[in-house]
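This report covers strands, a helix, a core, a pocket and some backbone details. The sequence and the coordinates come first.

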Amino acid sequence: MKSTPLDAEHQRLDAQMTDFAGWSMPLKYRGHSEEHHAVRTAAGLFDLSHMAEIAVRGPHAGAFLDHALVGEMSAIDDGRAKYSLLCNDSGYVLDDLVVYRLAAEDFLVVANASNRETVVAEFFSRSEDFDVSVTDQSDETALIAVQGPRAAEILLPLVATAQQEAVRDLKYYAIAAADVSDVSVLVARTGYTGEDGFEIYVHTDHCAHVWRALLDAGLPLGAQPAGLAARDTLRLEAGMALYGHELDSSTTPYEANLGRVVRLHKDFIGAASLRRIAEEPQQRVLVGLTGAGKRAARSGYAISSPTDRRHIGVITSGSFSPTLGHPIAMGYVDTEFSEVGTAIEVDVRGTPHEFTVAALPFYKRPRR
């Protein structure tokens, strides 16, 4: 397994490590539930350095990304970001990613760790007719996230005084250069937990220093380092898809309720197929599910009709929700069973348990 540049910090904090997409990553530190609640009430500090960072630069950078991805990346304003999808010719999802526009001809694409090689190879292949450079910067880039209602309170005192206002006023899905604890970084106001927060892109040589500074600032305010276990239940409560679960190379954007990010008016790889798919009735669709008992539905569990026990779908992600106090899940079901309020059954280790189709997200952060 690969180790992130913060591995020594995780060992110092006695983290329980796990294999995630070929990386040794912290599963939890003090405990999953405690870390989850810390993010909802104060803040959590996450090591996301396994993610892939790809620089796309040149006169045709925007046009290339319009061609390579389903969204209109050339329309992003400087300092802003968009969520998008990389699809194949048949319209199936190869990865979901975030694209930041740093300047007119300078984009940063953040892809999933498990799909790094796929995305880089596709970008090289798709860029042949464009005046653009594609550079995989993953090995020299670390990524630290601080997420939660006190995230700004933790980060801002570490930002250079002249830059504090710009960082404090960052909009959601925006990015800016800043100095954090005297280290030059990129600070983005994005996240994967349903809470306010920041993601900090920093060179691997300086990431441990920034991690310690954030941890020292956060601990007195109730923040905790948080692992993948908490990250998973946080994103599930927020109804956010995870590649390899809700998304994969057998899934289309429309099945996953992501048709909103597809711009069919432009030409891109997969456009012809997606125009056809968009006009056809979807046979299955991704839904949220809630359970009344205590038994959680897990990935891969079968979903059936409660009237005739006919197989109608499969769970993609599921857990007991620490915030809501009951089981929640996402899964694909036959479209006729996708209406909110529909009762279904999930086979939980051989026993049928009643679940109900629910609106996503399960959790929205309160206005503060």
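How many residues lie between β16 and β17 in the hairpin that they form, and which residue in the turn has a positive phi? There are six residues between β16 and β17, and R309 in the turn has a positive phi of about 60°.

## Basis of the model

This is a predicted model, in which local features need pLDDT of at least 70 and side-chain atom pairs count only at pLDDT 80 or more, while totals for chains, interfaces and linings use all residues. Residues are numbered from 1 along each chain as its sequence is written, and side-chain values use heavy atoms, with hydrogens and water left out.

Helices (H or I, at least four residues) and strands (E, at least two) are DSSP runs, numbered from the N terminus. Two strands pair if DSSP finds at least two bridges between them.

## Strands β16 to β18

Strand β16 (residues 302–304) runs antiparallel to β17, joined by three bridges, and A302 stands opposite V314 in β17. On β17 and β18 (residues 327–334), the pairing is again antiparallel, over seven bridges; S317 has M330 in β18 as its bridge partner. β17 and β18 also form a hairpin with six residues between them, where G325 in the turn has a positive phi of about 80°.

Seven of the ten residues of β17 (residues 311–320) are buried, so this strand is largely enclosed by the rest of the structure. Buried means under 20% relative accessible area, exposed over 50%, and partly exposed in between, with a 1.4 Å probe and protein chains only.

An open sheet of six strands has the order β11-β12-β13-β10-β4-β14, with mixed pairing. Its edge strands, each pairing on one side only, are β11 (175–180) and β14 (224–225). Inside the sheet order, β10 (residues 141–147) and β13 run antiparallel and are joined by seven bridges; A142 stands opposite V202 in β13.

## Helix α4

Buried residues of α4 (residues 116–126) are R116, V119, V120, F123 and R126. Seen down the helix axis, they fall within an arc of 140°, so they line one face of α4. The arc is that of the directions from the helix axis to the C-beta atoms.

## The second largest pocket

The second largest pocket holds about 230 Å³ of space and is lined by 16 residues, with Q137, T141, L186, Y201 and V202 nearest its centre. Elements giving two or more residues to the lining are β5 (52–57), β8 (106–111), β12 (183–188) and β13 (197–203).

A pocket is an open set of points on a 1 Å grid over the protein atoms alone, where a 1.4 Å probe fits, with protein on both sides within 12 Å along at least five of seven lines; lining residues have an atom within 4 Å of a point. Grid points are joined across faces, edges and corners, and the volume is the space filled by probe spheres set on the points.

## Backbone details

R349, in the loop between β19 (343–348) and β20, is not a glycine but has a positive phi of about 55°. A cis peptide bond, with omega about 0°, joins L360 and P361; P361 is in the segment after β20 (351–358).
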